[in-house]
Structures are given as C-alpha cells and as structure tokens.
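I opened the notebook on this chain to look up its strand pairing, its domains and its charged pairs. My entries follow.

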Amino acid sequence: MENRDGSSLPDFLELQRTRVLCKADAPTHTEGFQYSGAFAAMGVDTSVSVEKFCKNFKIEINRLTDEDMEFDMIGVDASIANAFRRILIAEVPTMAIEKVFMVDNTSVIADEVLSHRLGLIPLDADPRLFDYISDDVPNERNTIVYKLHVSCEKGSQRLTVKSGQLEWLPEGSQLTMASPAQSGDNQRTYTSFGQSQQNTSERPLGVKYNDITIARLGPGQAIELEAHAVKGVGKVHAKWSPVATAWYRMLPEVVLLKEIKNGDAEELVKRCPVNVFDIEDLGKGEKRAVVAKPRACTLCRECVRLADDQVELRRVRDHFIFTIESTGALPPEVLFTEAVKILEEKCERVISELS
C-alpha cells in the first residue's frame with residue numbers, strides 16, 4: 001500500500017513512522033524517522049526533499065477573527081511548527097512604551113511600577129511603518145509619543161485612570177529638556193520630529209484597548225507623564241511580544257479497535273469529558289459507540305483507562321493544530337505571514353554563510 005509521501009512500508013511500520021501512540025501510562029513512538037536510511041533495507045527512502053515538502057505541505061484555516069486564529073499546518077516536522085511558535089513569541093516586532101518621563105506622580109503606585117504597566121499596554125500602531133531606534137535619537141520614524149495628565153479633585157470620589165486617556169502627540173514631545181541659552185533660541189524637547197506623524201499614518205496611533213486600568217487616584221492625587229514607544233522584539237522584553245499566546249498540538253486520532261455496544265457504549269460516552277464519542281442506534285435495541293469529534297480530544301485518557309484493549313489514542317506526527325492569539329498590534333494572519341518572512345530571512349542568512 002502506497003502512503004501519502006510515496007512510501008510503501010507495511011502498515012505496522014507506517015503507523016509507527018507517522019503516529020504517536022498514547023497509552024494509558026505514557027506515549028510511545030515519540031521519536032521521528034528523518035534519517036533517510038531508516039528503512040533502506042526495505043527499499044524505502046524516507047528522506048525529506050523539496051519536492052515531497054511541496055506535495056504534502058498545506059495550511060487549512062479553521063477559525064479567523066480580529067484577535068485569534070486556528071489553522072491546520074499539515075506536512076511539516078515538529079521542529080518547523082516550533083520554529084514558528086518561537087518566532088511569533090520572541091522575534092516578530094511590535095511597538096511598546098519604553099521610556100516614561102515622569103513629571104508628577106502622587107498616586108500610590110511607584111514610578112517604576114507605573115512605567116511597567118504602561119509598557120504592557122498594547123498599542124494600535126503598525127510596527128512595519130517604523131524603524132528600530134538607533135543612536136538614541138528619537139524622531140517621527142522610530143518613536144511614538146503619548147501624554148497622560150489626570151488628577152482627582154479634593155473632595156471627589158476616587159478616579160480610575162484608563163488606557164484610553166493616553167493622548168497621542170503626533171508632533172512629538174512637549175517636554176522641554178532645558179531652558180534655551182538665549183531668549184531667541186527654540187526650546188529643545190526630547191524628540192526631533194521633522195514632520196507630523198499624521199502625514200505617515202492613515203489612522204491615529206492610539207492604544208488598542210481603551211478600558212485597561214492603569215491606576216486609581218484618590219482625592220488630591222495626580223499623574224502627569226510623557227511616554228515614548230519604540231520598536232522592539234519579545235526576546236528583549238515581553239512587552240514587545242505580539243501574541244498573548246501561540247501554541248500547537250498534534251491532530252488527535254481516536255480509533256475503536258472493537259465494537260463497543262449497549263451499556264459499555266453508554267459508559268464510554270459518559271466517561272469522555274469533551275464528548276468525543278456518540279451513540280449510534282443500530283435498531284432492535286442495539287447501540288454502539290462511534291467517534292464523533294476526534295479533534296476535541298484533549299488526551300485525558302479516560303477512554304483508554306476504561307477500555308484499553310478497545311480504544312486507541314494516536315497523534316498524527318506531521319499534522320499540527322496551530323493557534324495564535326494576538327495582543328492587538330497586528331491581526332493574527334499578518335503575524336503568521338511576518339513569522340514566515342523572518343524564518344525565510346534566517347534560512348537565507350544560513351545559506352549565504354555556508355556558501
């Protein structure tokens with residue numbers, strides 16, 4: 001029997017090569033067979049080639065929203081799926097607040113804690129429009145400036161400061177560094193904007209979510225500050241990570257080795273917490289269990305503990321269910337395409353160094 005990649009191994013070897021078997025105590029057959037000579041004695045070449053990869057690889061999108069997406073990545077090794085996961089978490093750049101110039105802070109939150117909170121607020125700014133800051137010279141191409149000035153009047157109720165109160169300053173910093181040397185000189189600020197950022201961005205560069213709590217002010221307390229956001233990546237600091245999480249799991253495969261009927265079938269359906277199994281009516285009072293939703297399997301192994309010789313749990317070795325949850329800076333599908341570009345650049349760099 002010829003398999004998907006063209007090999008003609010016996011069924012038991014093909015199962016061992018393409019599946020991870022999940023027993024009641026531990027998984028088996030977890031190691032891969034990337035070595036091209038693993039089955040050379042049987043006349044089968046299992047090496048990876050560009051032609052095989054192009055033939056087998058495909059992506060199927062199952063769910064896509066503004067905040068998250070789930071898709072199937074088929075025909076790749078776990079190392080490739082893990083490379084995308086790591087790149088999404090640590091190497092896709094975003095914009096985040098890096099410097100905070102504190103003018104006044106009489107709240108109960110310390111300056112450094114307040115600055116840390118501001119850095120973790122997702123910004124609605126496309127990082128592809130900006131450069132990495134170099135030589136510590138902030139300008140309109142590498143820095144976004146925000147202003148926060150709130151106060152709670154004496155005798156009033158406590159005031160909650162929200163992220164939506166951060167005001168974007170498209171003209172740059174409004175804080176002066178020092179008094180001018182002469183009366184006719186212009187006052188220097190903390191940025192060197194040559195033009196307004198309104199000319200480079202089609203939409204305001206505000207925050208993604210307006211309801212994030214920054215602090216709570218009591219009567220007579222105030223916060224006045226200026227925050228500068230720059231471009232960075234998650235491996236430098238988590239505030240630049242574009243995803244809330246990015247993870248994958250191998251496609252579950254639930255196989256009934258024998259027919260499970262009547263009371264045993266009903267017990268199997270009850271034992272599964274995610275309703276993988278269902279009951280099929282055979283007529284004349286006969287019922288049997290069927291696998292209805294194998295993708296929902298979480299590998300809790302309740303079914304295997306109940307009927308070890310009747311149910312077998314497997315994972316497809318080259319089929320990954322990938323989930324991306326964006327923090328909001330970029331849509332999840334854009335994040336994945338950016339991760340692909342970064343991996344491509346890494347490969348090109350390695351090839352050029354080797355050549």
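**Entry: ground rules**

I am working from a predicted model, where local features need pLDDT of at least 70, side-chain atom pairs count only at pLDDT 80 or more, and totals for chains, interfaces and linings use all residues. Residues are numbered from 1 along each chain as its sequence is written, and side-chain values use heavy atoms, with hydrogens and water left out.

I began with β5 and β10 (residues 222-232), which pair in the antiparallel sense over 10 bridges. I took strands as DSSP E runs of at least two residues and helices as H or I runs of at least four, numbered from the N terminus. Two strands pair if DSSP finds at least two bridges between them. Within this pair, Phe-101 stands opposite Glu-226 in β10.

I then placed the pair in its sheet. The sheet is open, has 4 strands in the order β5-β10-β6-β8, and pairs antiparallel. Its edge strands are β5 (94-105) and β8 (167-168), each of which pairs on one side only.

Next I looked for a helix against the sheet. Helix α4 (residues 111-119) lies across β5 and β10 and runs at about 150° to β5. The axes are lines fitted to C-alpha atoms, for helices over the stretch in contact, with angles from 0 to 180 degrees between N-to-C directions.

**Entry: two domains**

I looked up the domain bounds, which come from an automatic or database domain assignment. Domain 1 is 17-27 + 56-92 + 242-354, and domain 2 is 94-239. The contact takes 12 residues from domain 1 and 12 residues from domain 2; contact means heavy atoms within 4.5 Å. The C-alpha centres of the two domains lie 41 Å apart.

How much area is buried between domain 1 and domain 2? The figure is about 930 Å², of which carbon and sulfur atoms give 56%. Buried area is the accessible area (1.4 Å probe) that two parts lose on being put together, summed over both. On the domain 1 side, Ala-90, Ala-329 and Leu-330 lose the most area to domain 2, together 39% of what that side buries.

I checked the interface for charged pairs and found 1 salt bridge. The rule asks for a side-chain nitrogen of Lys or Arg within 4 Å of a carboxyl oxygen of Asp or Glu. In domain 1, α3 (78-90) and α7 (332-354) are the elements that give two or more residues to the side touching domain 2.

β3 (residues 58-64) and β4 pair antiparallel over 6 bridges. These two strands form a hairpin with 3 residues between them. Arg-63 stands opposite Glu-70 in β4.

Arg-295 forms a salt bridge with Glu-70, the closest N and O atoms being 3.4 Å apart. Arg-295 lies in the loop between β13 and α6 (302-306) and Glu-70 in strand β4 (residues 68-74), so the pair ties together parts that are 225 residues apart in sequence.

Last, I looked at β12 (residues 277-283) and β13 (residues 286-291), which run antiparallel and are joined by 6 bridges. Asp-281 stands opposite Lys-287 in β13. The hairpin has 2 residues between the strands, and Lys-284 takes a positive phi near 55° there.
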